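Good morning, and thank you for coming. Please take a look at the structure that I am about to show, and follow along as I go through it.

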Amino acid sequence: MDGRAYNQLRPVFIDLNTVSHASGSAYLEMEHTKVLVAVYGPKARQDVEFSDEGKLRCDFRYSPFALRARRQTGKEKGGREGGREGGGGGGGGPQRDEERAASRTVSQALEASVQLAKLPKSVVEVFVLVLQTDGGEVGAAISCASLALAEAGIELFGLVASCEVVAFMPSEGKREWRVRVDPSAAEEGGEEGGREGGKEGGVVGLALMPVSGEVTQVWQKGRLDSHGIERALEMAADGARMVHALMRRRLLTYMEQEGGGEGGGEGERRGGGEGMER
Amino acid sequence: MADTPSRGAVEEMISFYSRFDPATYLSDLETACRRQDGRSNKQLRPLKLLQGVLQKSTAGSSLAKIGDTKVLAGVSLQVGQPGEDSPEKGEIGVEVNLLPLCHPKFSSIQAQQEESKALENFVQSVLLRCNVVRREDLCIVEGRHVWKLNVDLQCLSHDGSLADACVLSALLALADVTLPVTIVDTDEKVVVLHDRPPRRLEMARFPIPLTIGFHADMLLGDLSLAEEERIPTRLRIAVDCETGQLCTLQKLGGVSMASEHLDSAVALCGARQKQFLLERDLRQDKS
Amino acid sequence: MEVESPPITPLPPSSLSLSLPPRPDRRLANQLRPPTCELGPLNRADGSACFAQGQTSVLAAVYGPAAPRFSRKERVEGAAVEVTVHPHYGLATSSEKEEEGAVKALLEAAICLERFPRTVIHVICQVCEDNGGLMACLMNAASLAVINAGIDMKYVPLTVSMALISPPSATMKTRPSLPPSSSTTAPTSSSTYLLLDPINEEERQSIATITMGISSVDQNVLSCQSMGIMMPSQLFEAIDVAKGAAKALMAFIRMTVEEHSRHISKEK
């Protein structure tokens, strides 16, 4: 819809070490979808006496701006986002249903990548804040959180990259699936309203650890047949590999800059500013 | 490279030291006249202000960075009824969000509420008592419909002087707001005309805030979080960016201060004022 | 046992205050409402005080220093102060949170905390009536209750409230139901004047309000909360006014406490 090719990602911007008091933090922007992740820990686990393995605790939140915007689009789409608990965007307080569900998705996607056996009796806390959403915030959160874990110096098996795709049938009659990588909120409905009005189609998200080729998480909403899912997963894996390449490159340049002395950190922060400006 | 301790390790050592022996830490501060982050007493951290960062979801937005303290502000518009005692005035509400993401001390909801409520109250008082915008400008139909501006402040990273960052980002977000043209239809409902160019909200005043610490007859400008925790005497001052009039002065607790110290504290705000004007000019040059 | 204040002699009026319009309660611009105070009205609390200025009154109770109920609040270096403010009516809002923070900061500075390590001093304030100058009244009531509890303090914080009013010609002509139009014009020293201990009506008409705490020992500024537009010089004018009022307030508090201790020794 915005002139991209079907297999083209939105422009990605990544910044590292943005939260001063966190062990590690990352900021990821896919055009209008903006996600900030801070990692704290590893620190002592309070909930159990002893555990052989470490634990990953994930807290996923929408900022009040993101929530307000989501509510508005929800109304426009005939209450697709209905059933949300009322109240303003009070960031504090208990999580909303959808935030809790997203927390689970993110933590499951990351758990497999962290060497938890090396962190006995500890917990690593991952805080995700969605600043603005234009589709694909869960996938963005996973990639961003993986970067933040890496920046925190927590031992990983590999970076987890994630990508969401939308699958839909463009024409009536012919059962032929088309898949678009990294859809914005407007595109999530499929092209020309392909998914709306009870037609088949859906959004599929995939989290992949490209180093080992393991898929760590898959989620889906909407109706797809097995053929459609197959096509969607294929495209999502390709997308995740592209995201992974970007993440890897950013992390390497960051490491070089940090190694090059104190000046590096300042440069990063300035970079972050320009990212927000775009 | 391997021999020199990393920046994090040095910070850790200082925080260790300051916690175990706060008296020596503070007296070192007196003798060395050098602060933990290498600034001189009156030196402020760099200020960076960005406008329009969340164009997709807000009517006006901004990001304020004071050193490593970052606050994101977004304004949303709502049509509402005016209060009974001010039928021609719109309303401004402020909400502050502090999550454990920005600092681990906000891990409990109680801790979040305690600080966020106090900040909300402070920012709202500054916006309303100092007439930052003419609230008459927010009127649609007198006594019936007015604009209500909800200013949401989201702290992204907390490293001291949080109230300053909150005030600055709220101001910049308000300055970024455009009000759409509206008509009132026959059902007494307000209809927004999307095809007309919206009008920018005019700012009447910019109160520029600064947090100042006072220790052993010394004034420290723009406290970092570590300093806020150790120095009990703190001032929060805001002066008008054009006229230099005093907008607010808050001093809670700590040691007593003589008038001449207060006077030089107010004068210190000129530094932040300069920073702000410079930042604004830079932005205007760009656009 | 309640102590009525002696008539507080108004401070020598400055030349400015003579030409001002009369205040609703016929006080001079730099005259406090006569304070009243009752020490120890609550017998279950470790210390209590009821302090009132005109139609603004606050009942404060102190519990402690006592062992903390939650170990989280414990401090090794000294006592922890906790303040709760109950509003006149309704539930506590964010403005009560701000008042709590202000009273807490004031008491933390005034009380010799290091004498009571690992304890909690809990101060509860109930607003009984509010007709202006609430913050000052809360602070005075809280510190009187601390005195009554026999907790050591480095000094007595004396808090007064003030309001900066723009010229009557501009405010009086507007409809009385409306607060003065939010004038964006710059107030100048000559066109505005300062009122000590304003009532609600005067606070509403003011362009700025100031609550200032003065130390009884060195007469310097302990706490200051100003909100609204003013010239820096007006703040220093306010400090001088507050110092004068604090002297009167201190005389009253000294008399109250002496009277109270005489009363107690007689009972024994």
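Over residues 31-151 of chain C, the chain is 26% helix and 33% strand, with end C-alpha atoms 31 Å apart. Here helices (H or I, at least four residues) and strands (E, at least two) are DSSP runs, numbered from the N terminus. This is a predicted model, in which local features need pLDDT of at least 70 and side-chain atom pairs count only at pLDDT 80 or more, while totals for chains, interfaces and linings use all residues. Residues are numbered from 1 along each chain as its sequence is written, and chains are lettered from A and ligands numbered from 1 in the order in which they are written.

For chain C, UniProt lists residues 31-151 and 193-243 under "domain: Exoribonuclease phosphorolytic", in an unreviewed entry. UniProt positions are given in the numbering used here, feature names are shortened, and annotations may be inferred rather than shown by experiment. Residues 193-243 of chain C are 35% helix and 43% strand, and their end C-alpha atoms are 17 Å apart.

For chain B, the unreviewed UniProt entry lists residues 43-180 and 206-267 under that domain name. Residues 43-180 of chain B are 25% helix and 36% strand, with end C-alpha atoms 42 Å apart. Residues 206-267 of chain B are 24% helix and 44% strand, and the ends of the span lie 17 Å apart, again between C-alpha atoms.

Let me turn to the place where chains B and C meet. How many residues does the contact take from each chain? There are 32 from chain C and 33 from chain B, two residues being in contact if their C-beta atoms, placed from the backbone, lie within 7 Å. On the side of chain C that touches chain B, α1 (94-110), β10 (221-230) and α5 (232-267) of chain C each supply at least two residues. That side divides into 16 nonpolar, 12 polar and four charged residues. Ala, Val, Leu, Ile, Met, Phe, Trp, Tyr, Cys and Pro count as nonpolar, Asp, Glu, Lys and Arg as charged, and the others, Gly among them, as polar.

A sheet also spans these two chains. Strands of a sheet pair through backbone hydrogen bonds, either parallel or antiparallel. In this case eight strands form an open, antiparallel sheet in the order β12(B)-β11(B)-β13(B)-β14(B)-β10(C)-β9(C)-β7(C)-β8(C); two strands pair if DSSP finds at least two bridges between them. The edge strands, each pairing on one side only, are β12 (218-221) of chain B and β8 (193-196) of chain C. From one strand to the next, the twist averages 25°.

Lying across β14 of chain B and β7 (157-165), β9 (208-215) and β10 of chain C is α1(C), which runs at about 150° to β10(C). Axes are lines fitted to C-alpha atoms, for helices over the stretch in contact, and angles run from 0 to 180 degrees between N-to-C directions.

Finally, chain A. It has five helices and nine strands. In chain A, 29 residues are in contact with 31 residues of chain B, and α1(A) gives the most to that side of chain A, with five residues.
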